[in-house]
Amino acid sequence: MSGANRHYVLAAGGTGGHMLPAFALAQELDRRGHHVALITDERGANIPGKPDFMPAHIMPVGRFGKNPIRWIKGAAKVMEGRQMARQLFESFEPSAVVGFGGYPTLPALLAARSAKIPSVIHEQNAVLGRVNRLLAPRVHAIATSYPKVQRLKSGWSSKVHLVGNPVRPEVLALREEPFPTFTEDSLLKVLVTGGSQGASILAQVVPDGLAMLPPALRQRLQVVQQCRPEDVGAVRERYRNHDIPAELATYFENMAERLADAHLFIGRAGASTIAELTAVGRPAILVPLPIATDDHQAANTREIVEAGGARMIRQSSFTPKELARQIQVLSQRAGTLSTAAHKAWNCGRPDAVKELADLVESFGGAELMDVIRVGKNNARGASQGAAVGQGAAFNPPRFAEGQGGRGTATPQVSGWRGTEPLGPSVSRSATATSPFGATHKTGRTDP
């Protein structure tokens, strides 16, 4: 799209799940010749992976709880952050502001609204997050990662765009690499992580579960496991007692390489984890975080589990015996793991960052060409470009069929019971070349 050298501001909270897709979009926008700035908090500024070219602006974070005093303090911080964001916008003059969830997103997008700057939110999870729910009625576009998103109101469907969850370039580069060979005699390479901070339940259950496997399989194990610092010693002792070779660390710099080498993943079900598993195509045993807001990690597993690319075990049922049983099911035949990997791969949305960047680029003064806006009683021909400026009442386009890929589809809205489609549907049964074999049908239709 034309109009290079625009300015965009990204806002994201301080967890890897919010920050990593923001970093991926920043790299894509920079590649297209734009300038990008980041609004975040102290935690977000310390998440590894921020592109060097992108300046980070640390904003005060207003956190809210049940205590009314915290609400008062939180509101004051939000207003302070909003004012700081307005000052940044006055000097940086962004064409659009993009929020990825987390508390720093709230003041940034409120400032964008007051400054009449177009705004977009991206939801990584299969449940719309609290901050994004507050902002959804106020933004110009809602980008989603799943066809079905809970707590997404039907009244917002006209501005919803299914793009997927952007992943790091080094992970996406592995998409066409073949699944590691697994035979009855080869090693079974298992990768275990618990998200950005590890998970103690994995440290407690996984070593003992692997030890319960039949001797012929247990002797072929090769484990790489991320642990919390306080758990490393105990986990190392457990593996030593079970005579299972394991490499342990609190953080792996080369996680993409570890994922590429693995036959099986065991871990939490955060949005970035699911996006990377489906981008590369790796079978998984997923244990959703039970205290995740709105149980969103369990919701994240729905698509890949229904496709046959993963097994989900609730933490209350995650015992060594159950883990061993599930691993045996997946590894008892040589082709079972590769088949599950293929099904996980089919769930991937490798063009997520490009389609999100296309959506974001549609804001900012350049004439929009070759696009169609589809909505109730509102259609615009591809040749009828529209100039979009800051403060204009703008509804972002849906891409014409064949241009927008996955971004053309409108996700299903949780709770919707009508018989008419919410938006244009594009078949996902087009052929694609897979590293798992010959050309195949993707076998999925995004609603």
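**A guided tour of the predicted model**

Begin by selecting L286 and M312: the bridge partner of L286 in β14 is M312. Strands, like helices, are DSSP runs numbered from the N terminus (helices: H or I, at least four residues; strands: E, at least two). This is a predicted model, in which local features need pLDDT of at least 70 and side-chain atom pairs count only at pLDDT 80 or more, while totals for chains, interfaces and linings use all residues. Residues are numbered from 1 along each chain as its sequence is written, and side-chain values use heavy atoms, with hydrogens and water left out.

**The sheet**

Next, select β13 and β14, which run parallel and are joined by 3 bridges. Two strands pair if DSSP finds at least two bridges between them.

**Salt bridges**

Stay on helix α9 (residues 232-242) and select E237 and R240, which are 3 residues apart, or about one helical turn. Their side chains meet in a salt bridge (2.6 Å, N to O). The term requires a side-chain nitrogen of Lys or Arg within 4 Å of a carboxyl oxygen of Asp or Glu. E237 is partly exposed, at 36% relative accessibility; buried means under 20% relative accessible area, exposed over 50%, and partly exposed in between (1.4 Å probe, protein chains only).

Move to D294 and R133, whose side chains form a salt bridge (3.0 Å, N to O). D294 lies in the loop between β13 (284-286) and α12 (296-300) and R133 in helix α5 (residues 130-135), so the pair ties together parts that are 161 residues apart in sequence.

Then select E28, R31, R32, D358 and E361, which a network of salt bridges links.

**Confidence**

Finally, colour the model by pLDDT, the predictor's confidence in each residue, from 0 to 100. The protein has a mean pLDDT of 83, and 78% of its residues reach 70 or more. Select residues 366-431, where the pLDDT is below 50. Where pLDDT is low, the predicted coordinates should not be read in detail.

Terms used: Contact means heavy atoms within 4.5 Å.
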